[in-house]
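Dear colleague,

Please find below the structure I am handing over to you. My notes on what was found in it follow directly after.

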Protein chains: 2
Amino acid sequence: MPGAPSHSTNRTAAIADALRNAIIERAISPGTRLPEDLIGKQFGVSRTIVRAAIAQLVSEGLVDQRPNRSATVIKPSWEDANDTFDLRIAVEDLVVSRLAGTLTPDQVQVLRDHVELEEQARKAGDEPKSIRLAGEFHSLLAEMTDSPILIRYMRELASRCCLILSLFSRPHSSDCAVAEHRELIDLLESNDVEIARRAMNHHLSAVVNRALIKPAAKKPDSIADILAIYAPTAGDA
Amino acid sequence: MPGAPSHSTNRTAAIADALRNAIIERAISPGTRLPEDLIGKQFGVSRTIVRAAIAQLVSEGLVDQRPNRSATVIKPSWEDANDTFDLRIAVEDLVVSRLAGTLTPDQVQVLRDHVELEEQARKAGDEPKSIRLAGEFHSLLAEMTDSPILIRYMRELASRCCLILSLFSRPHSSDCAVAEHRELIDLLESNDVEIARRAMNHHLSAVVNRALIKPAAKKPDSIADILAIYAPTAGDA
DNA sequence: TGGGATTTGTTCGTATGTATT
DNA sequence: GAATACATACGAACAAATCCC
């Protein structure tokens, strides 16, 4: 359950977690509206709670909200996807820099155990779970830095990257992740920060390249986009 | 007004902005409690609004909140300060990479005008304003990337960095920032991404080094900290 | 240790604004 | 184009937890 401060206020956090998981695993598709009282009835809580939970998800960047309109699940554009991954690569580089050569044997074991879970999910063919676990591996790394700020940002970015992968990736695109994660652990155990950083960078770039193939033709998904193409001037309003 | 989505819901955003500015300029000191009722009366709104505003600030990392306790202004530790700046350096590196050689003359002018304001504030000896404007310079850069995600994270980090600088920096520590900002603009105008990146990195490192001198002796600021030193075992509970 | 004052957690009713037929 | 249905915005009040004396 990445992104969820478990020490959180109230039922609010539970609702937020539920919605977050549903969003990340794409059980709720991007663009779907999230009316407060519908969700409230579904979970048996009042609108107030739902309101707070949605506010939380908005702050994590998983949900869009505009005045007097229903909140909706974000619908990342291809550019958003790339920006998010670029940011994640930068943050993760920081994480690796701190971690390389400082991991305790216990921590290494935790990581290896987690990768074991990833392998099982992959073998079972559970794609959404694979993606989620792969994301959690990186959250786990961030947690080992013991830096609240790095942890928070990494969780947030990992959540969004999960959603993006669910959205854009083709089947089996995470097949190789397990081997790469194992290699990363090996490198983190060593003292060579630079090699570990390069490996992580390479790993994430590979994930992006496997998943985020730029669509051959831009497919506009709204009337406005279509009209924009035929507009006499390239105005944007 | 960095960090403030101006298209925001309601008065909520206005309250959040007011509190944010007060926090950043250290008009409200770190650790200060923020009772919903009191703030509501102060601004003439109900607790609901205040609640939402505080939630927003919590999500930006400027305010701490724990169940059944008053929200408080964050009190960044020296480690937090360093983590935040490290993260900022990473994000800003990304911003510069995108920006170098792509700025339009108009954008360059906007930046130069802003630096002019910085210089005026510096000459007027208005330290908090100087710090705030220096932060806004970097938010401005982020906005020119046209990437909503980069913009959001940069604003958030800039806010926190402002608070940290207000907290830890000694007088006149931002004296040289103006010249460095001018140099950055020159480099961004050129096409050499690598040189611009190095310059930004150097600039931010310089800011950190000027401001975040590690305190010679750790000065504990709570009874708990003091007692911890004398505790028979190094227990943390 | 205990009790009262303060503050948050939560619900629900009403008002206001948006979308749709 | 207007009326209706629907969803959010906001506020007042009650219950529960915490803090302070």
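**A salt bridge between the chains**

In this predicted model, the side chains of B:R98 and A:D86 come together in a salt bridge, with 2.6 Å from N to O. Between chain B and chain A the count of salt bridges is six. There are also 12 residue pairs in polar contact between chain B and chain A, both residues of each pair being at pLDDT 80 or more.

On the side of chain B that touches chain A, the elements giving two or more residues are α3 (47–60), α4 (78–99) and α7 (148–168) of chain B. Of these, α4(B) supplies the largest share of that side, with 10 residues. Sorted by class, the side of chain B that touches chain A holds 11 nonpolar, eight polar and eight charged residues.

**Extent of the interface**

Contact between the two chains involves 27 residues of chain B and 27 residues of chain A. The area buried between chain B and chain A is about 2300 Å², and carbon and sulfur atoms give 57% of it. Within chain B, the residues that lose the most area to chain A are B:L87, B:I149 and B:Y153; together they account for 27% of what that side buries.

**Chain A**

I turn next to the fold of chain A. Its secondary structure comes to 10 helices and three strands. Along the sequence, the elements of chain A follow the pattern α-β-α-α-β-β-α-α-α-α-α-α-α.

The three strands form an open sheet in the order β1-β3-β2 (chain A), and the pairing is antiparallel. At the edges of the sheet are β1 (33–34) and β2 (63–64) of chain A, each of which pairs on one side only. The pairing of β2(A) with β3 (residues 71–73) of chain A is antiparallel and runs over two bridges. Here A:D64 stands opposite A:T72, a residue of β3(A).

Two figures describe chain A as a whole. Of its 237 residues, 46% are buried. Among the contacts in chain A between residues at least 6 apart in sequence, 76% join residues at least 24 apart.

**Where to begin**

The open sheet of chain A, with its order β1-β3-β2, may follow.

With kind regards

Conventions:
Residues are numbered from 1 along each chain as its sequence is written. Chains are lettered from A and ligands numbered from 1 in the order in which they are written. This is a predicted model: local features need pLDDT of at least 70, side-chain atom pairs count only at pLDDT 80 or more; totals for chains, interfaces and linings use all residues. Side-chain values use heavy atoms; hydrogens and water are left out. Two strands pair if DSSP finds at least two bridges between them. Helices (H or I, at least four residues) and strands (E, at least two) are DSSP runs, numbered from the N terminus. Contact means heavy atoms within 4.5 Å. Buried area is the accessible area (1.4 Å probe) that two parts lose on being put together, summed over both. A salt bridge is a side-chain nitrogen of Lys or Arg within 4 Å of a carboxyl oxygen of Asp or Glu. A polar contact is a pair of N or O atoms within 3.5 Å; within protein, one must be able to donate a hydrogen and the other to accept it, and residues adjacent in sequence count only if both atoms are side-chain atoms. Ala, Val, Leu, Ile, Met, Phe, Trp, Tyr, Cys and Pro count as nonpolar, Asp, Glu, Lys and Arg as charged, and the others, Gly among them, as polar. Buried means under 20% relative accessible area, exposed over 50%, partly exposed in between (1.4 Å probe, protein chains only).
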